[in-house]
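Dear colleague,

Please find below the sequence and structure that I am handing over to you. My findings follow directly after them.

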Amino acid sequence: MARERPEAGKLIVPSLPEIPASGRWSLEATVPACLVALPGLTPDEDGLARISLTVENGKIVALTPAGGLPGALRAGMAFPTFVELHTHLDKGHIWPRRRNPDGTFFGALDNVTLDREAHWSAADVAARMEFSLRCAYAHGTSAIRTHLDSIGKQIGISWPVFAEMREKWAGRIELQAVALFSIEQVSDRAHVSQVTAAVRDHDGIMGGVTYMVPELDQNLDTLFRLAADNGLDLDFHVDETQDPASRSLRHIAEAALRHRFAGQVTVGHCCSLARQEEEEIRGTVDKMAASGIAVVSLPMCNLYLQDRVTGRTPRSRGVTLLHELKAAGVKVAVASDNTRDPFYAYGDLDALEVFREASRIAHFDHPFGDWPMVVTATPASVMGIDAGRLRVGGAADFVLFRARNWTELLSRPQSDRVVVRGGQAIDTALPDYEELDGVLAG
């Protein structure tokens, strides 16, 4: 039974509704107006609006401003399902087996290398990927892009495992994969040929980690030509450092303009941009906007790794200049990045957690505006998929929360959320970490 608000005598939204197993049904909820395809919808000062939606045969068949639908179920807030643009499913959950003793970036790099060489068989990677996907699905995510370490023997292990996972999870989580290797390795023709074949054969994305090395421009040109010749998009790890002299982001933007690249280029991290002089920042941001490059920041992982010095409080948050990039017309997103591995000891592939922490770290609030797009519609656009918005004719895929406004939503983990996929509530029970004990025992 709905409780009454003593001071106003108005009904408060009851507990989260029970979703019918079949048939036509309607729901009333508060939504970020930027995530609803409903012309004329008027948001409040927080960018929120109350809507009614009707579901039938797994689709949203009607969307209207709230009211006028007798018998409609009631919820607090609703989001479309989440989209994670940057993760590392192949590394996930190895922390119990391989820690990062000093919590630094290079400590993470060294320990992941050791674990990969010792343990990353097809069975090991598949078990950890499966666990991660179950977590993401239960939290309400419907699309994920993962980077795959594409070095030596791992190319022939992880890409086929990814292909199996993509087929197994089709219809639940749409998966994309990016080849991950160092920009210096582009000079190795045999390596590049092997990676290109794996990416092409598995409908993947060409990638790389860029640093300020002498061969940077030459190797970027090679990657851009390879991508253009094979119809591939590009996705780079960029300037994951506090060194203001690390400016490979500008070189990527210049390469995209030089090649008149028609595909989508995405760059992740870009931490050093926030440490540079204003004139340098303006020049790089302008070239980013002109080249159509999208940016994904990884606020939790970068906060964990960047500016870490033993015995000293960190001075920098490690996030890139999202406000400035967005104001310049650059597509911006945030994502989980690593999960329980030497690069980030925590995380559960919960995109709501990412948005909650990003709102605090990067000041997405007061007003929230269209920032909810960074974990929904914008990454979906970058991935080229139909997700991240509520629209008539779209799949009835959304996440319901008891919270009624931003401060309620972002003050608690929302562990009691209801996830609706194809018009039906799914089981949101998370897998037990104990299930990985046998995998991690080695």
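I begin with arginine 24, which is found in the segment before strand E1 (25-32); helices (H or I, at least four residues) and strands (E, at least two) are DSSP runs, numbered from the N terminus. Please note that this is a predicted model, in which local features need pLDDT of at least 70 and side-chain atom pairs count only at pLDDT 80 or more, while totals for chains, interfaces and linings use all residues. Residues are numbered from 1 along each chain as its sequence is written, and side-chain values use heavy atoms, with hydrogens and water left out.

Arginine 24 is exposed, with a relative accessible area of 55%; buried means under 20% relative accessible area, exposed over 50%, and partly exposed in between (1.4 Å probe, protein chains only). Leaving aside neighbours within four places in sequence, arginine 24 is in contact with Thr54, Val55, Glu56 and Val61, where contact means heavy atoms within 4.5 Å. Between arginine 24 and alanine 429 there are 405 residues of separation in sequence and 26 Å in space, C-alpha to C-alpha.

Confidence

The protein chain averages a pLDDT of 95, and 96% of the residues score at least 70; pLDDT is the predictor's confidence in each residue, from 0 to 100. Over residues 1-9 pLDDT stays under 50, and the model has 10 contacts beyond four places in sequence for this stretch. Where pLDDT is low, the predicted coordinates should not be read in detail.

Alanine 49 lies in strand E2 (residues 48-56) and is buried, with a relative accessible area of 7%. Beyond four places in sequence, alanine 49 is in contact with Ala29, Thr30, Val31, Ala33, Leu41, Thr42 and Pro43. For alanine 49 and alanine 33, 16 residues apart along the chain, the C-alpha atoms are separated by 5.7 Å.

Histidine 139 belongs to helix H2 (residues 122-139) and is likewise buried, at a relative accessible area of 10%. Not counting residues up to four places away in sequence, histidine 139 touches Phe82, Asp348, Leu349, Asp350, Val399, Arg417, Val419 and Leu430.

Helix packing

The axes of H2 and helix H3 (residues 155-168) come within 10 Å and cross at roughly 35°. Axes are lines fitted to C-alpha atoms, for helices over the stretch in contact, and angles run from 0 to 180 degrees between N-to-C directions. H2 passes H3 in a right-handed crossing; a crossing is left-handed if the near helix is turned anticlockwise from the far one by less than a right angle, and right-handed if clockwise. Ala122, Val125, Ala126, Met129, Glu130 and Leu133 of H2 make the contact with Ile157, Ser158, Val161, Phe162, Met165 and Lys168 of H3. By class, the contact of H2 with H3 has 9 nonpolar, 1 polar and 2 charged residues (Ala, Val, Leu, Ile, Met, Phe, Trp, Tyr, Cys and Pro count as nonpolar, Asp, Glu, Lys and Arg as charged, and the others, Gly among them, as polar).

Helix H6 (residues 248-258) and helix H7 (residues 278-291) pack at an angle of about 35°, with their axes 9 Å apart, and their crossing is left-handed. On the H6 side, Leu249, Arg250, Ala253, Glu254, Ala256 and Leu257 meet Glu279, Glu280, Gly283, Thr284, Lys287, Met288, Ala290 and Ser291 in H7. The residues of this contact divide into 6 nonpolar, 3 polar and 5 charged.

Cysteines

How many disulfides does a search of the whole structure find? The search finds 0 disulfides, a disulfide being a pair of cysteine sulfur atoms within 2.5 Å. The sulfur of cysteine 271 is too far for a bond, because the closest cysteine sulfur, in cysteine 270, is 7.5 Å away. Cysteine 301 is in no disulfide either, and the nearest cysteine sulfur, that of cysteine 271, is 8.8 Å away. Cysteine 271 counts as buried at 1% relative accessibility, and cysteine 301 is buried at 0%.

Backbone points

The peptide bond from histidine 366 to proline 367 is cis, with omega near 5°; proline 367 lies in the loop between helix H10 (351-361) and helix H11 (377-383). Histidine 93 has a positive phi of about 70° although it is not a glycine, and is placed in the loop between strand E5 (82-87) and helix H1 (105-119). Aspartate 337, also not a glycine, has a positive phi of about 70° and lies in the loop between strand E12 (332-334) and H10. Histidine 93 is buried, with a relative accessible area of 1%, and aspartate 337 is buried, with a relative accessible area of 1%.

Yours sincerely
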